[in-house]
Amino acid sequence: MAEHRDDPAMTLLRLLAEGAPASELGAVRDHSGEARELALRVRAAFDSRRRREAELTALVETARDLASLRDPAGLLEAIVRRARALLGTDVSYLTLYDAQAGDTFMRATDGSVSVEFQNVRLSLGDGLGGLVASTHKPYWSADYLHDHRFQHTGTIDSAVGDEGLVSICGTPLVVEDEFVGVLFAANRSPRPFSPDQVALLGSLAALAAVSIVQTRSAEEVRRHTSGVERAAAAHDRFAELVLAGGGVDDITKALGDLLGGWVVFVDSEGEALSSHGPVPTAADKGGPALSDSPAVRETSGTGRLAHDAARDQWAIAVKAPQTPLGALVLGGAGVLDDADRRTMERAAVVCALVLLFERTAAEAEQRVRTDLVSDLVSGRGDPQTLAARARSQGVDPTTPLTVLVAHADDQTPRRTLLLASHAAAGPGSVVGEHDGNVVALLPTDDPHAAAVQLAKRLARLGAVTVGAAGPVAVGGDLPAAWREAVRTLDALLALGLQGNGASSAHLGFAGLVVGSTPDIDGYVRTQLGPLLDYDARRGSELVKTLQAYFDAGGSPRHAATSLHVHVNTVSQRLERITALLGSDWQRPDAALELQLALRLRLLSEGARRAT
């Protein structure tokens, strides 16, 4: 029995069965050494298998843990933490591939103490990690800083040195030919990596790559689902606004509520018509006005969503077929994802529809106003019917109306002038078109002031010239006032007074001289009407006395001689003329107008007698 117990082979078998370590097996005395060496190989195989089983168990647990994680940041932290624990290294870290920059950047670390190292980027091909990234193959080194197989750079070597790393192993994260990044394990001492360690890191990298891609896909699905939900909410919100009769103001507010930030609608003329939120001025941003911002200019040219990152502005053109209507500008919202961009594009479409609805309604209303104005200044229709139609447009038919005719240069569309005149005319007025001209009927008894004011209000369109006449009551001789206003407009244009407004009375004989169709009878009536009416009623000779007075150089005595009456009679007639014409009739300019009217009257009467 003692001999059996002292048999080295049996002793080694017993120790192997008891799981004795290799050190105890090596202490058994074996003369040939063959049994001991065989036992050590068996022990090593057992240890390798046990270690492999432990590694596989750890990988399974890692796969289960990674599959349960949904937070991308937490997933990456878990990967590097597992890598460090499985390989027993001082540091582990992970870089991700940046397709736009064409390099990899540090994304997660465990055991790192260097800020420089934690923020390093590796170009493809540079350093050990860059070589792994470019070849999609694992590489390792027991002494990286002195390993000439790798392309060293100052930035990478400085970061590695600052972390104190010596031995490094890196393996690629690849899923179906999609390169994701690189997983590293490293030590601060020259400890070479065994093939088993490299294989273990590679297995962990494969699990990590799949987990990262799956998490990204899940995140994309969540973002897409969230985007679809937001887009559906935006669609419902805009649909509700349209069905409720909402306007551009409602759309800008809804867009601001959906995406955050401030929103402005800029029309095709560059004017901000509607806004929501605290819109910065050009001075606030140190840049141009919204109408001149780069994003607005870009979308106006391309029709697509434009982004000005410097000013944190997004802009999308609002347009109908072949007709630019303006642009929606969003600011202070940061980066927009695909769903948010679609929401902004949808808002532009809805805004265009609302504007087209409003334009169609405005054009229908304008046609009604135009028909009324045209009938009034042409004298068509029954006076009572015209009065009722005028009242329906907010015009008091019992109040005399001044007739204004507006003309703009060729660069201003007629429709623009028409709508702008309607906005500028004010309450109680009506604006339309007649015979190719824009006509406004205003409830005022001062035609000249009305013409000047309208020309000033329309100056933003360019040089707008306005001729005026009247006032005349509805049912009165509005056609004559219309013709007089047109003649005044023609006179202003002929005199080079574009951009001004005036009445026929203000222009006086100048309008008669340069007008395209001079109204001599109307001019005479304007100047001498009160005297002619008085003579017709009383059988007096006020007009004849005024003519004699001017012919006598303003001398009542000489005028009395030519009239064969007493000088007191002339004085009494001059007092009556003053009462009818006003005290200013003897001023030089007024006297000139009266003398011209008297001369034209004589010439007209002579011409009629000759025929």
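pLDDT is the predictor's confidence in each residue, from 0 to 100.

**Entry 1, ground rules.** I am working with a predicted model, in which local features need pLDDT of at least 70 and side-chain atom pairs count only at pLDDT 80 or more, while totals for chains, interfaces and linings use all residues. Residues are numbered from 1 along each chain as its sequence is written, and side-chain values use heavy atoms, with hydrogens and water left out.

I looked up the chain mean, which is 80, with 82% of residues at 70 or more. Strand β4 (residues 139-141) scores highest, at 96, and helix α11 (residues 282-285) lowest, at a mean of 43. Helices (H or I, at least four residues) and strands (E, at least two) are DSSP runs, numbered from the N terminus. Over residues 283-288 pLDDT stays under 50, and I note seven contacts there beyond four places in sequence; contact means heavy atoms within 4.5 Å. Where pLDDT is low, predicted coordinates should not be read in detail.

I traced an open, antiparallel sheet of five strands, ordered β8-β7-β11-β10-β9. Strands count as paired if DSSP finds at least two bridges between them. Neighbouring strands are turned by 20° on average, direction ignored. Axes are lines fitted to C-alpha atoms, for helices over the stretch in contact, with angles from 0 to 180 degrees between N-to-C directions.

Eight bridges link β10 (residues 313-320) to antiparallel β11 (residues 323-331). Helix α13 (residues 338-378) packs on the sheet, touching β7 (262-267), β10 and β11, at about 35° to β10.
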